[in-house]
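Subject: Structure for your review

Dear colleague,

Please find the structure below, together with its sequence. A summary of the findings follows, and I would ask you to read it with the structure open.

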Amino acid sequence: MKAWLPLLLRLALVVLLVAFVTSPGWFEPMLKPLTENNAPVIYNQGSLLTLTLLHLRTVLIATVAATIVAVALAILVTRPAGAEFLPLSRSLVNIGQTFPPVAVLALAVPAVGFGEKPTLIALFLYGLLPIFENALTGLTTLPANVVEAARGAGMTGWQRLTKVELPLSAPIILGGIRLSVVISLATATIGSTVAAKTLGEVIIAGLLSNNLAFILQGGLIVAALAVLIYDGLSAIERYAARRMGREAE
Amino acid sequence: MIEIEGITKRYDTTTVVDDVSMVIEPRTIAVIVGTSGSGKTTLLRMINRLVEPTAGIIKLDGADNRSVPGYELRRSIGYAIQGHGLFPHRTVAQNIATVPVLLGWEKNRIRARVDELMTLYQLDPQEFGPRYPHELSGGQQQRVGVARALAAEPNVLLMDEPFGALDPIIRTKAQEDLLAIQKRFGTTIILVTHDMEEAVHMGDKIAVMDAGKLVQYAKPAEILANPASSFVETLVGASERPFRLLSLGRVRDAVENGAAEGEAIPGDASQRDALAELLWTGRPALPVKGADGKPLGRVTVDGLVKRAARPA
């Protein structure tokens, strides 16, 4: 009975989320008390479903790009030939993280214009660090005798990387991607300040018109997405770690 | 045959292996013994070029080991290390198949070879093949590690303290298994250890290394009888010498005519075991039986004690 409870809760959350973004009208009575002066209860400048999908798309594109660049960079600096670039790449990625996303947006708009592009740049830069750091940890803390055995068996550098090093560090890299996705899901909302189509639009509309119902529905959808995706990626990570014979942290 | 000629390895100013030359005959076991930091592991790793020597040549069956790329060389040489180094994300069968897959063997040939080795190592292919290394006991993991090293039928097997992580009982079993398999495949084995007992037991020849130099390279009996330096003598353990010498001989070779009372000892047992049994039970003589159970004669305390004396 108890083991089913978390699964049941997650399932309920999924159902609730899908119902809310497809037929927000059903929930109107619940949110009604949060509005004043007969203001609209459900966001009416666009469909919540479309915004949710666009929000996810933005996060997906940014995370995929950040993953490719961060993992490639981590691989590069953990090879003997690239070892001297390790401090440089570390500080570059750290700068990406220290820069507030709002500042990146402000700087990116004059260069690439309004819309999704500056948001993608901000999310990409912001998402690099957790993935890079985790990939670096994963690739540098491999069990020494396993790597030794791979060399001793006659694997080439590329074979060692693809057959041993990456599969073994996959759980840790996945952990970095999970962190990055959750940060991006939240950060993507501010993309709407530069006219990117994300769920931030709902929240900003609520703030401008002092409509608590808007703020709440935008915020709750983002929160539900974050919780579900975090959960799902954690499960994949645990599965991968079990396959490696390691206990998940 | 492995010919090591004037091999030196230097890291900056530290010389780890210093001008070592030795020849390892085909189908024999050479054991390299030394304390930690003596350069024995580095010497071993230069044979399959996990470490490149600063100077000198290593020839395998007459061919310089630098005549092929390092990874190709390593596919042709078995390599087993302490703590087995199995790939945790691959099943036992996939682990054993590592080198055959790299060599591009056909699927059926790989499966047949994996099954053969697993059966040889008393691991049921059906039961253990699909398991992951962490689901195995330490002794089973070690056996899989050696099976993986032998998978591509290498002529040469390098072993770096392969039994170091095993408890004494499993270690003895693993040593016996290795000797049996070496006889069966005729593999040339070079084994690194810090355990003189293991060296005397396993080696056709023993190479003693100290501070990067090869101090003595000889048959076990020779090392025990005539240690080349005080270092070798310490390593052998002066008080252990007579017993180690006895452990090299079989009871069958020490049989005298006559009869004795009590439980018979098999002719294959070591003379050391026979002496221990005699001393422990307080008897002057033990009957000896052949492999077929027929009595061969007896061994006596006096006879064994004479054999334990320093050879002239």
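I begin with a pair of helices in chain A of this predicted model. The axes of helix H6 (residues 116-140) and helix H8 (residues 157-187) of chain A come within 8 Å and cross at roughly 155°. Angles over 145 degrees count as roughly antiparallel, and H6(A) and H8(A) are therefore roughly antiparallel to each other. The crossing of H6(A) past H8(A) is right-handed. On H6(A), the residues that make this contact include A:Ala122, A:Tyr126, A:Gly127, A:Pro130 and A:Ile131. On H8(A), they include A:Ile172, A:Ile173, A:Gly175, A:Gly176 and A:Ile183.

How many residues does the largest nonpolar core have? It has 135 residues, and A:Phe132 and B:Ile32 are those with the most contacts inside it. Helix H6 of chain A supplies the largest share of this core, 14 residues. Domain 1 (2-236) and domain 2 (249-307) of chain B both give residues to the core, so it lies between them.

Two further points complete the picture. Leaving aside residues up to four places away in sequence, A:Phe132 touches A:Ala70, A:Leu73, A:Ala74 and A:Val93. As for the two domains in the assignment of chain B, their centres, taken over C-alpha atoms, are separated by 35 Å.

A colleague

Conventions:
Residues are numbered from 1 along each chain as its sequence is written. Chains are lettered from A and ligands numbered from 1 in the order in which they are written. This is a predicted model: local features need pLDDT of at least 70, side-chain atom pairs count only at pLDDT 80 or more; totals for chains, interfaces and linings use all residues. A nonpolar core is a set of buried Ala, Val, Leu, Ile, Met, Phe, Trp, Tyr and Cys residues joined through C-beta atoms within 7 Å. A residue is buried if 20 or more other C-beta atoms lie within 10 Å of its own, exposed if 12 or fewer, and partly exposed in between; C-beta atoms are placed from the backbone. Helices (H or I, at least four residues) and strands (E, at least two) are DSSP runs, numbered from the N terminus. Domain bounds come from an automatic or database domain assignment. Two residues are in contact if their C-beta atoms, placed from the backbone, lie within 7 Å. Axes are lines fitted to C-alpha atoms, for helices over the stretch in contact, and angles run from 0 to 180 degrees between N-to-C directions. Angles under 35 degrees count as roughly parallel, over 145 as roughly antiparallel, 65 to 115 as roughly perpendicular and the rest as oblique. A crossing is left-handed if the near helix is turned anticlockwise from the far one by less than a right angle, and right-handed if clockwise.
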